[in-house]
Structure formats: C-alpha cells, structure tokens
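The structure comes first, then the notes.

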Amino acid sequence: LVFATSILLILGVYMLWMESQSSGAEKVKSRIRRLSAAAAEEAEADKLISLARQEGLSALDRALLSVPRLHNLDRFLEQAGVKYGPATFVFFLLIAGMVGALAMTIFTRSFNTMPLLFGGALGAMVPWVLLSRKRMQRRERLVRQVPDTLDFFARSLRAGTPFSGAIRIASEELPEPIAGELAVTFDELNYGLTFDDALMNFAARIDAEEVRLFVTAVLVQKNTGGNLAELLNRISKLLRERITAHGEIRIQASEMRTSARVLIVLPFVVAGLLQLVNPNYFPVMLESPMGRNIILIQILLMGIGYYIINRMVSFRV
C-alpha cells in the first residue's frame, strides 16, 4: 500500500509538472479544453473533444475523453480555476484514496476491508471538497466583479464600441477571474458561435443568478431594442444591493454554520483521542458486524444532519 501510494504520488507530481509547461501545443490543448468546458451542449463539446484528440493527447487523456459527458468534469475544474485536466485530477483522487486507506490502517492497526474502504472513501473526498470550496470562492469573486463589469460595458457602449468589442476590451483590462471568462466568450464569437449562444454559455459556465440576470437582460434588449447602457447601469446598481444583502445574511447565519461544522468534526476528534488512550477499542468494534453497522448508521445520520443544517442557513436573496 505504501509502495502503490508513493508511485501514484510521483506520477501525479510528474503530470502536474508536465501540464504546467507553457509550450505552444500545451496552450492549444488548454484552450480547446476550456472551450469544451464552456460548451453548454453535449454535441458542441464532443466536437471540441474530437479536435483535442488530434493534438497529441496521452492514452489516458484519450480514454477519459471517451467517457460520456466528460466536459462536465472539465467545467468543474475550470470553475475551480485550476490549470490541470481530468487525467491529473483522477490521479489526485487515487493518491488521496490510497493515503486515506493507509492512514486508516495505521489508525485502527488492522488490515480489514472495512477500514480500507472507509479510509479510501474519506481520502478520495478530500480533493473534491477542496476543489468545491475553491470553486465556490472563485464564483463569489466573479459575482462581486459583475457590477463593475456591467459599468465597464455601459461606458464602452456610450463611447461607441460594439458589445463584442467591449467584451474583448474587458477581457484584456479587467482582473481575473472575470477576464478569463470573457476571453472564452470572445473566442466563441470568433469561432462562429452566435451571440445568443455565446452569452448563454457564459451564464452556464459561471452558474450564478447575477450573471443569468445580466445575460437575460442583454438578450431581451437585443430583440426589443432600447438603451442598453442605461439598462446595464440599473442592473449594476441592483446587483450591488443584492450582494450587500446576501453578505449581511451570511454574517447572521455564520454562528449556526460554525456549530454544524463543530458537530461534524467533534466525533472524529473524540474517536482519535479514544484510539490514543485505548488502542484496542476500535479494532474490536470494526471486527464486529454490529459495530460496523453502528458506525455506518452514525455517519449516515451525521451527513443528513449536516445537510439539514446547511439548508436551514442557505437563503436566496
């Protein structure tokens, strides 16, 4: 187990280093992968994935690209703001699972199937949790940048710049991560995608109500006419008030959210202390069918309770 974990760790670091190289081919493959992740439709993503297969991908990348709806994983990685692709992420999952299984084996001082599976599942969840948190933080930064972006579009339109040109200028002058998302939208327009589809992909990629409101307003104005610059300024003001109200609600709900996290972590801390005080306590419990069932039921109930508490403190503004 230690040997397999070491080999996977070395391979994962090597793949991460290889994908960080800034060669022209790597940039092309990265750009195609971003466009595949941006695609809202499966057929459109398949075309881009087929193009990516011609750019000298490894056997593992080609095998992963053959999995249906793989661009959903690409979109998840892009929304998290990471530079590596699905193959490297799968290696990270394997490494984390092996490390978790090894840690649980050392913790329980037994090599039974139950501790290995439980430790492997917990370890594999770590990359998902970390990336999900990073994805949420990046999404919040994007949402906070939307009002300033709308004001930028309004100023560009008043200066006589077409909307597509405003997107290009914004992708060059605005800070990340909104600049990268606008760059992908401008690439889609250059590659022949319609204006409506490019904006819909932009909304699907970020997956935020604030962005969907902006996209819907622009598409409606495109068909009905009107002063788009003034409309964007009004939406910008509305979104600033919405973001402020959402921040105040999160502050009010932070106490309950912290209590939920403490209640989730506390049983594992107590279990670790018990294992240090009495090393023979958990092996006996894990070897017993009733003990394993009790642990599974407790974990299930803890997950349900954490989900309910999170739903209680999640408010839509």
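Angles under 35 degrees count as roughly parallel, over 145 as roughly antiparallel, 65 to 115 as roughly perpendicular and the rest as oblique. The model is predicted: local features need pLDDT of at least 70, side-chain atom pairs count only at pLDDT 80 or more, and totals for chains, interfaces and linings use all residues. Residues are numbered from 1 along each chain as its sequence is written, and side-chain values use heavy atoms, leaving out hydrogens and water.

**Helix pair**

- Helices α7 (residues 113–158) and α8 (residues 163–173) pack at about 130°, with their axes 10 Å apart.
- The two helices, α7 and α8, are therefore oblique to each other.
- On the α7 side, the contact (heavy atoms within 4.5 Å) is made by F152, F153, S156 and L157.
- On the α8 side, F163, A166, I167, I169, A170 and E173 take part.
- These contact residues divide into eight nonpolar, one polar and one charged.

Here Ala, Val, Leu, Ile, Met, Phe, Trp, Tyr, Cys and Pro count as nonpolar, Asp, Glu, Lys and Arg as charged, and the others, Gly among them, as polar.

**Largest pocket**

- α7 gives the most to the lining of the largest pocket, with 17 residues.
- The elements that give two or more residues to this lining are α7, α11 (209–224), α12 (228–277) and α14 (289–312).
- The lining residues divide into 25 nonpolar, seven polar and 15 charged.

Terms used:
Axes fitted to C-alpha atoms, helices over the stretch in contact; angles between N-to-C directions. Helix = DSSP H or I, 4+ residues; strand = E, 2+ residues; numbered from the N terminus.
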